[in-house]
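Thanks for coming. Please have a look at the model first.

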Protein chains: 4
Amino acid sequence: MSNEKIRVAIVGATGYTGAELLRILLSHPSVEVTSIVGQSKAGRPVAEVLPSLAGIVSGVVDAFDADRVAAGADAAFCALPHGASAGIVAQLHARGVRVFDLSADFRIGDLDTYTRWYGEHHAPELFGKAVYGLVELHRAELRGATLVAVPGCYPTAANLALAPLVNAKLVSTEGVIIDAKSGVSGAGRAPGERTHFSETSEGIRAYKLLSHRHTPEIEQELSRLADRPVQVIFTPHLVPMTRGILSTAYAVAAPGVDAVRCTEAARALYEGSPSVVVLDPGASPDTLWIRGSNRVHLSYTFDPRTGRVIALSTIDNLVKGASGQAVQCLNVAFDRPEGEGLLFAPQWP
Amino acid sequence: MSNEKIRVAIVGATGYTGAELLRILLSHPSVEVTSIVGQSKAGRPVAEVLPSLAGIVSGVVDAFDADRVAAGADAAFCALPHGASAGIVAQLHARGVRVFDLSADFRIGDLDTYTRWYGEHHAPELFGKAVYGLVELHRAELRGATLVAVPGCYPTAANLALAPLVNAKLVSTEGVIIDAKSGVSGAGRAPGERTHFSETSEGIRAYKLLSHRHTPEIEQELSRLADRPVQVIFTPHLVPMTRGILSTAYAVAAPGVDAVRCTEAARALYEGSPSVVVLDPGASPDTLWIRGSNRVHLSYTFDPRTGRVIALSTIDNLVKGASGQAVQCLNVAFDRPEGEGLLFAPQWP
Amino acid sequence: MSNEKIRVAIVGATGYTGAELLRILLSHPSVEVTSIVGQSKAGRPVAEVLPSLAGIVSGVVDAFDADRVAAGADAAFCALPHGASAGIVAQLHARGVRVFDLSADFRIGDLDTYTRWYGEHHAPELFGKAVYGLVELHRAELRGATLVAVPGCYPTAANLALAPLVNAKLVSTEGVIIDAKSGVSGAGRAPGERTHFSETSEGIRAYKLLSHRHTPEIEQELSRLADRPVQVIFTPHLVPMTRGILSTAYAVAAPGVDAVRCTEAARALYEGSPSVVVLDPGASPDTLWIRGSNRVHLSYTFDPRTGRVIALSTIDNLVKGASGQAVQCLNVAFDRPEGEGLLFAPQWP
Amino acid sequence: MSNEKIRVAIVGATGYTGAELLRILLSHPSVEVTSIVGQSKAGRPVAEVLPSLAGIVSGVVDAFDADRVAAGADAAFCALPHGASAGIVAQLHARGVRVFDLSADFRIGDLDTYTRWYGEHHAPELFGKAVYGLVELHRAELRGATLVAVPGCYPTAANLALAPLVNAKLVSTEGVIIDAKSGVSGAGRAPGERTHFSETSEGIRAYKLLSHRHTPEIEQELSRLADRPVQVIFTPHLVPMTRGILSTAYAVAAPGVDAVRCTEAARALYEGSPSVVVLDPGASPDTLWIRGSNRVHLSYTFDPRTGRVIALSTIDNLVKGASGQAVQCLNVAFDRPEGEGLLFAPQWP
């Protein structure tokens with residue numbers, strides 16, 4: 001490792017994932033944040049736009065200028081909405097900046113699938129060029145990567161739980177059900193009817209039934225691991241809390257499989273993964289236990305009556321589900337220790 | 001209908017279901033509450049034990065005395081923990097009081113099953129004598145009933161959604177998964193580690209994996225409707241809100257079934273049921289929409305890719321999941337209009 | 001009392017106070033809701049706009065038409081923003097409809113004061129003609145009233161606590177401090193940055209320091225009771241809950257005054273007021289205890305060390321702080337029992 | 001600075017302040033935690049007792065043994081209830097361990113006052129020997145200190161806001177009112193009726209009116225600064241959130257004082273204090289903005305109408321109000337940079 005810091009720009013810094021990138025990177029020993037970019041809030045003090053940074057960050061939000069970003073940064077995190085991201089990513093990538101894109105624009109490998117779920121792609125020349133940044137499953141490809149598609153929050157939660165099962169053929173690839181529950185921050189910073197406090201607090205609901213855009217991303221990764229097409233039912237729910245995802249996945253166990261074998265498979269697969277903790281069989285992880293951290297808690301339970309495995313996983317959607325994972329990708333891509341700047345304990349309670 | 005009021009005692013009045021019974025019954029036009037009984041808090045003013053009743057109820061909590069209750073009441077609601085309830089129920093029933101028992105003691109029809117899940121039964125002479133009070137499915141048997149087992153909160157939510165499907169053979173009885181989410185009041189009024197605010201707020205978790213006692217109750221009712229043994233996976237989750245249950249159930253659709261057919265089946269089954277609203281196909285009910293009311297919202301969604309139906313249902317666990325349903329049972333048992341005193345709108349937001 | 005129902009229109013029915021008016025009036029024995037008016041959502045089914053009314057209200061939202069409203073209604077509740085309300089109120093009042101206005105447009109008696117805090121008034125011909133609808137303090141004037149200004153939520157909470165003290169000269173009119181805490185529903189239904197779940201949950205803050213428009217309304221009423229100008233510091237705070245206001249008011253006690261005397265003065269003043277409960281000296285009311293009801297809990301504490309009285313009060317901002325109080329005004333204005341349709345118990349917990 | 005790490009024991013590690021000490025110290029570059037002590041949970045794995053530390057801390061909770069702690073630690077944090085702490089502190093101090101006591105046992109300087117508010121003291125030989133660890137106001141005395149009384153959460157919040165005003169004689173010392181609002185974690189980890197989720201969520205209440213034990217601690221510090229006895233009204237409130245204190249303090253301004261002068265006085269006093277941010281006049285800090293951090297936000301507002309200053313302050317009760325401040329004390333006492341290990345950004349949202 002060199003002693004020189006990695007110079008980093010954050011583009012789209014004024015939303016929640018941008019704020020979380022700043023929180024993490026300001027304490028990261030090998031990174032220097034050289035540019036904080038945000039289109040609609042350009043020119044305003046960072047500490048006014050992100051009030052938690054009062055007394056910590058003194059500059060203003062920059063307008064986007066690809067040349068200026070490229071001149072001052074080795075790497076950029078793009079925390080922009082899908083659609084808006086691809087063009088920016090392409091400009092930076094063309095100027096030699098290594099890009100970690102938190103949007104969905106480069107997560108899907110098949111253009112038809114992308115178009116069907118997201119519409120037209122705005123940087124087709126780069127399509128298919130990104131490494132999918134689910135670090136625990138793509139570590140080798142990430143070393144030296146110049147373009148990384150940081151996974152969605154739900155696919156991170158669901159697939160880290162299901163990967164050991166699918167990978168070791170412990171479950172059928174038919175009939176997988178993912179019932180996921182997310183805190184409200186996953187919906188971003190823009191106010192709307194469905195995230196208005198009075199109509200969000202004290203209620204739980206499913207949303208985007210059968211139509212959530214993370215579905216193809218989940219299936220792509222599981223299909224890759226299974227080496228054949230996998231279709232899942234994915235039902236996201238909105239829970240009255242700010243952070244956290246709990247994924248409760250159900251799958252039909254292969255003959256002879258039980259919770260111990262699932263647990264062992266997960267522990268084997270995630271050996272050496274500093275972010276993953278595989279709890280004992282039958283445990284019930286709580287999103288509060290990993291709040292604010294880059295950690296994943298997994299557990300497996302087997303129902304001999306119905307022959308199903310229940311795979312539980314918890315992440316903080318803004319950390320391991322977004323900004324923390326992006327930094328984890330950067331660490332690997334720049335050959336730093338994977339957990340550098342990311343091993344802080346959860347904030348509990 | 002006679003003009004005389006039904007005289008009612010509430011035994012176990014100082015917990016949440018007792019409080020909710022009082023809230024409902026104090027506005028019920030045909031009921032007079034004649035006795036408020038609570039063992040550990042006997043002698044204390046009701047308004048001290050239940051501070052929301054300050055200025056509304058002026059008496060004290062009575063100690064239990066079967067003869068005194070029987071002398072003053074035509075009916076009793078028993079809102080006691082399972083195990084503790086059966087003996088009290090038997091004493092009152094023997095004295096001619098019609099009993100609506102909110103505990104689990106009389107919900108299970110098979111003694112072996114009861115014993116396996118709950119332990120010894122404390123009033124074996126009455127075992128199997130109660131009518132199961134899921135009103136929409138047992139209305140006829142409830143008329144004139146003298147002993148009613150008011151259903152559990154989760155079985156009410158899950159089975160009202162699944163009954164039309166199982167009843168009309170629209171889904172397979174194999175592989176039914178019920179992923180349910182409950183507010184914290186379902187855990188009752190006794191403080192504990194798992195309902196402590198700081199460790200409950202801002203977190204979601206599954207609990208009692210494969211071991212929740214509502215499992216056999218759910219299966220008993222579905223098996224009855226299917227006319228053969230049904231086994232389900234039932235996974236309850238604790239959500240950081242006080243009231244409400246959302247049940248997300250998954251089942252394999254029979255050939256040719258879609259969301260419209262499920263919706264129609266539900267509308268047909270619940271025609272004339274004042275508490276049930278069957279929403280349009282694909283709707284996502286929110287527990288906030290029925291908070292504080294005796295209402296049930298149902299919806300059905302079909303996934304042609306995987307051939308599964310998603311059956312969603314929402315109830316307020318303390319109302320339709322407990323006290324409201326108990327009053328609904330009383331209305332039917334005493335030949336009052338089923339919705340009397342129960343048609344108040346939800347408190348929203 | 002006649003047997004004929006009072007025919008009522010709700011104008012601005014699709015916000016929270018409108019929804020709450022509907023919840024209350026649908027159970028009111030002497031009222032029939034004949035028109036549900038909402039400008040921006042006209043033509044849409046009520047149950048789509050207010051999802052808690054699914055299966056309860058079957059019609060659509062009407063556009064505003066003064067003649068049509070007047071033809072079908074004896075009274076109208078206007079639940080519109082200030083500024084927008086006055087013109088509508090004037091049209092209805094001119095057509096003989098008795099109007100209960102939940103906006104601020106007619107609360108202030110002095111035009112200069114109104115203009116300074118709210119800007120131009122849009123129905124100057126009616127200015128000063130309304131009865132101020134803090135029922136407990138204006139009951140006599142309200143009988144037969146044709147135009148009622150329903151008080152703001154904070155003035156209701158603060159002044160019901162302070163009125164007995166000021167009225168009986170138990171405290172100095174100098175140095176009164178009102179530190180009030182409100183749930184988020186007080187900010188209404190329009191989504192915004194400051195009511196976005198993720199930035200509202202798990203945080204408390206003061207807002208509109210020294211500039212909240214309820215200040216002149218509080219002072220007007222206290223000055224009237226004191227018979228001389230009273231100035232207060234009023235600091236509202238936003239609390240991460242949906243409903244409820246707690247007002248903590250501090251005043252310098254007159255010589256010889258203690259908590260018992262304050263309590264007695266309040267009990268004397270509110271004798272016969274069905275909504276007010278004066279708790280024992282030193283009690284700490286909780287907003288949860290009155291949630292969803294039209295009740296007010298008051299308590300008084302005296303600090304002999306500093307000679308101050310602490311006057312605590314709790315209301316539900318959407319009920320006694322808005323819609324419930326409006327119905328209470330209607331009851332009195334139409335010579336019905338003051339508590340008719342309003343005596344339902346709080347929803348606890 | 002030497003390169004050797006400070007060896008630290010945490011006694012009473014299994015409550016919230018203990019957990020928070022661990023979270024902070026595990027990332028502290030100059031500290032090594034050598035012992036995690038907890039009486040009632042001795043022998044259990046740390047990660048079982050504090051589930052957020054699964055995969056982070058592998059040992060078990062130790063039973064208390066003064067000799068063993070002293071052998072392995074240069075310093076100890078005692079996070080025990082008052083009363084229980086003094087004896088443990090004395091044992092460790094006698095063995096040469098420098099002690100940072102988070103209980104109230106050594107905060108009060110006057111034995112009569114201590115006894116009146118807390119009862120008998122259990123280590124009278126050490127009474128009066130501790131440095132009061134409000135770092136910003138006692139920095140010089142803390143250098144080299146061997147016994148530090150870490151301040152209470154409310155006194156930290158209130159006094160940091162009021163100190164600049166009292167110190168610079170900008171306000172009268174008469175009539176100071178402190179209306180404080182705290183998250184529920186301040187009540188600790190033991191479950192109880194008043195912190196039970198269902199009765200805490202969605203409600204706000206004042207508590208311990210005029211009797212909260214932080215009152216004499218607040219007054220002691222203000223009296224010291226004012227150089228004469230100061231009496232305050234201190235009213236704590238419980239807010240439905242886990243972390244955070246907002247203190248809203250009211251004081252009578254001296255002639256000619258306004259918000260700018262108060263702000264300047266605070267900025268002057270806290271120059272060089274890495275934890276304190278003095279916001280611009282009239283700002284409204286939110287506890288969410290400092291959640292999870294050791295930061296303090298202050299702001300001052302002046303009301304020319306009533307001549308009062310409103311001094312607002314926010315802290316995280318578990319960090320700057322307890323564990324973070326304790327570490328800040330250790331840093332100063334051991335001659336490390338005051339902010340070492342403490343400058344991490346808040347977790348927002």
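**Chain A overall, then a helix pair in chain B**

In chain A there are 11 helices and 13 strands, where helices (H or I, at least four residues) and strands (E, at least two) are DSSP runs, numbered from the N terminus. This is a predicted model, in which local features need pLDDT of at least 70, side-chain atom pairs count only at pLDDT 80 or more, and totals for chains, interfaces and linings use all residues. Residues are numbered from 1 along each chain as written, chains are lettered from A and ligands numbered from 1 in written order, and side-chain values use heavy atoms, without hydrogens and water.

The C-alpha trace of chain A spans about 60 × 45 × 40 Å along its principal axes. Of its 349 residues, 68% count as buried, meaning under 20% relative accessible area with a 1.4 Å probe, protein chains only.

Now to chain B. How do the axes of helix 6 and helix 11 of chain B cross? Helix 6 (residues 135-142) and helix 11 (residues 319-333) of chain B have axes that come within 10 Å and cross at roughly 30°; axes are lines fitted to C-alpha atoms, for helices over the stretch in contact, with angles from 0 to 180 degrees between N-to-C directions. The two helices of chain B are therefore roughly parallel, the word for angles under 35 degrees.

On the helix 6 side, Val135(B), Glu136(B), Arg139(B) and Leu142(B) meet residues of helix 11 of chain B, including Lys320(B), Gln325(B) and Cys329(B); contact means heavy atoms within 4.5 Å. The residues of this contact divide into 5 nonpolar, 2 polar and 3 charged, with Ala, Val, Leu, Ile, Met, Phe, Trp, Tyr, Cys and Pro as nonpolar, Asp, Glu, Lys and Arg as charged, and the others, Gly among them, as polar.

Note on methods
Parallel < 35°, antiparallel > 145°, perpendicular 65-115°, else oblique. Buried < 20%, exposed > 50% of the residue type's maximum accessible area, 1.4 Å probe, protein only.
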